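Hi,

Here is the structure I promised to pass on.

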Amino acid sequence: MNIAPLHSWFNVSAKTALIAGPCGAESYEQLEKTIADLSKNNIHPGYFRAGVWKPRTRPNSFEGKGEEALKWLQDLKKEHQIKTIVEVANAEHTELALKYGVDALWIGARTTGNPFSVQEIADVLKNVSVPVLIKNPIHADLQLWLGAIERISNSGITQLAAIHRGFYVYGKTKYRNKPIWQMPIELRTLLPQLPLFCDPSHIGGSVELISPIAQKALDLGFDGLMIETHFDPPQALSDAQQQVTPLQLSEILDGLICRQKTELTDYDKTILHELRNMIDDIDEDLLNLLKKRILVIEEIANYKKINNIAIFQLERWQEIIRTRAKLADKLGLNRQHVEKICQLLHEESIKHQNSIMNKPS
Ligand code: PEP
Ligand code: MN
């Protein structure tokens with residue numbers, strides 16, 4: 001995949017590449033006041049965001065001002081020397097955004113999940129040079145995310161980036177969209193040269209969560225952040241609860257620690273080398289223990305086979321979960337993490353017992 005380096009199209013300010021602006025473009029004044037407040041607080045985002053078409057989950061909510069808002073952005077761009085970015089969800093949006101001189105496009109989570117729409121956008125982008133940022137799909141499907149990136153890349157776009165905005169999960173959670181950090185990490189492993197942004201506003205869904213999520217993203221090596229900001233969040237017509245004022249945004253940015261030390265000293269290297277050796281030894285012990293565990297499982301399987309006992313014994317599984325959770329608490333380990341490990345061990349144990357007990361003799 002031909003991917004341009006981020007600095008070739010993104011003016012990376014102070015700590016991190018930043019995209020900031022309101023969830024939606026509501027009026028010329030709202031945009032202008034937000035731009036002015038950003039500047040007053042010495043924030044100069046690489047791109048000023050504003051949704052002009054808002055994909056709303058339920059009808060009868062603010063759906064954006066469409067073409068009218070594109071005109072506002074075009075005028076504001078000239079007056080304030082800013083670069084703009086809007087969300088596009090179909091071919092018509094893309095054509096209009098390009099017609100009004102929008103500087104970059106992002107594809108929203110609902111659109112990434114629909115290959116027909118992504119292809120429609122990609123077709124408009126043939127022979128066009130514009131940065132395109134692709135949010136993850138609503139649900140945690142890495143292939144769908146990758147597929148959307150490939151479709152846009154296949155149309156010849158090289159100024160590409162991905163935006164991690166979390167994933168919908170059923171039920172009440174601390175987050176509006178669960179981060180599942182493993183997904184962007186896997187994306188980075190597959191496409192190491194693809195710039196990666198984090199959108200803590202849509203992951204957190206609340207003002208308090210923006211800072212810790214943004215910090216975690218920087219610690220994981222993300223290249224940039226997209227944060228929703230509005231000059232008067234309580235008045236916002238969409239996502240009011242998660243938008244911050246430009247002043248709050250400047251406090252959030254000031255508080256972020258950028259651990260960008262790339263040149264390690266000899267002392268750093270020695271310390272890390274020693275600690276990593278310890279981890280290597282611990283992993284070896286863990287794998288040897290896993291092998292020991294498998295050998296006992298084989299004995300159990302053979303016994304069950306001879307004595308006609310079913311593989312899955314509910315009481316035993318319940319006992320494992322209960323006792324391991326208790327031990328996790330006693331050791332100060334994360335209970336959910338230990339539960340997950342138990343589940344993996346149990347799955348493998350059942351698979352292994354099944355292969356022994358049902359081996360054709
Ligand atoms: C947005 O950025 O305003 C938006 C609609 O986000 P998402 O596609 O991540 O829900
Ligand atoms: Mn929003």
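The shell around ligand 1 is made up of 7 charged, 3 nonpolar and 2 polar residues. The residues in question are C23, R49, K54, E87, W106, G108, A109, R110, K135, R165, H202 and E228, where a residue is taken as near if one of its heavy atoms lies within 4 Å of the molecule.

Before you go further: this is a predicted model, with pLDDT of at least 70 needed for local features and 80 or more for side-chain atom pairs, while totals for chains, interfaces and linings use all residues. Residues are numbered from 1 along each chain as its sequence is written, chains are lettered from A and ligands numbered from 1 in the order in which they are written, and side-chain values use heavy atoms, with hydrogens and water left out.

Back to ligand 1. R49 puts a polar side-chain atom 2.8 Å from one of its oxygen atoms, and K135 also has one at 2.8 Å from a ligand oxygen. For E228 the distance to an oxygen of ligand 1 is 3.3 Å. (A polar contact here is a pair of N or O atoms within 3.5 Å; within protein, one must be able to donate a hydrogen and the other to accept it, and residues adjacent in sequence count only if both atoms are side-chain atoms.) On its own, ligand 1 has 290 Å² of accessible area, and the protein covers 97% of that; areas come from Shrake-Rupley with a 1.4 Å probe, and for residues only the protein chains shown count as cover.

What holds the manganese ion (ligand 2)? Its protein donors are C23 (SG), H202 (NE2), E228 (OE) and D239 (OD), at 2.1 to 2.4 Å. Donors are N, O and S atoms within 2.8 Å of the metal (3.2 Å for Na, K and Ca), and since water is not among the atoms, sites may look incomplete. The spacing of the donor residues in sequence is C-x178-H-x25-E-x10-D. H202 sits in helix α8 (residues 200–204) and E228 in strand β8 (residues 224–228), so this pair ties together parts 26 residues apart in sequence. Both H202 and E228 are buried, meaning under 20% relative accessible area, with exposed being over 50% and partly exposed in between (1.4 Å probe, protein chains only).

As for the cysteines, how many disulfides are there? The count is 0, using a cut-off of 2.5 Å between cysteine sulfur atoms. C198 is buried at 0% relative accessibility, and its sulfur is too far for a bond, as the closest cysteine sulfur, in C258, is 14 Å away. C342 is buried too, at 8%.

Overall, the protein chain has 13 helices and 8 strands (DSSP runs numbered from the N terminus: H or I of at least four residues for helices, E of at least two for strands). Of its 361 residues, 45% are buried, and the C-alpha atoms fill a box of roughly 80 × 50 × 40 Å along the principal axes.

T270 is partly exposed at 43%, and a polar atom of its side chain lies 2.8 Å from the backbone oxygen of D266.

Cheers

Terms used: Ala, Val, Leu, Ile, Met, Phe, Trp, Tyr, Cys and Pro count as nonpolar, Asp, Glu, Lys and Arg as charged, and the others, Gly among them, as polar.
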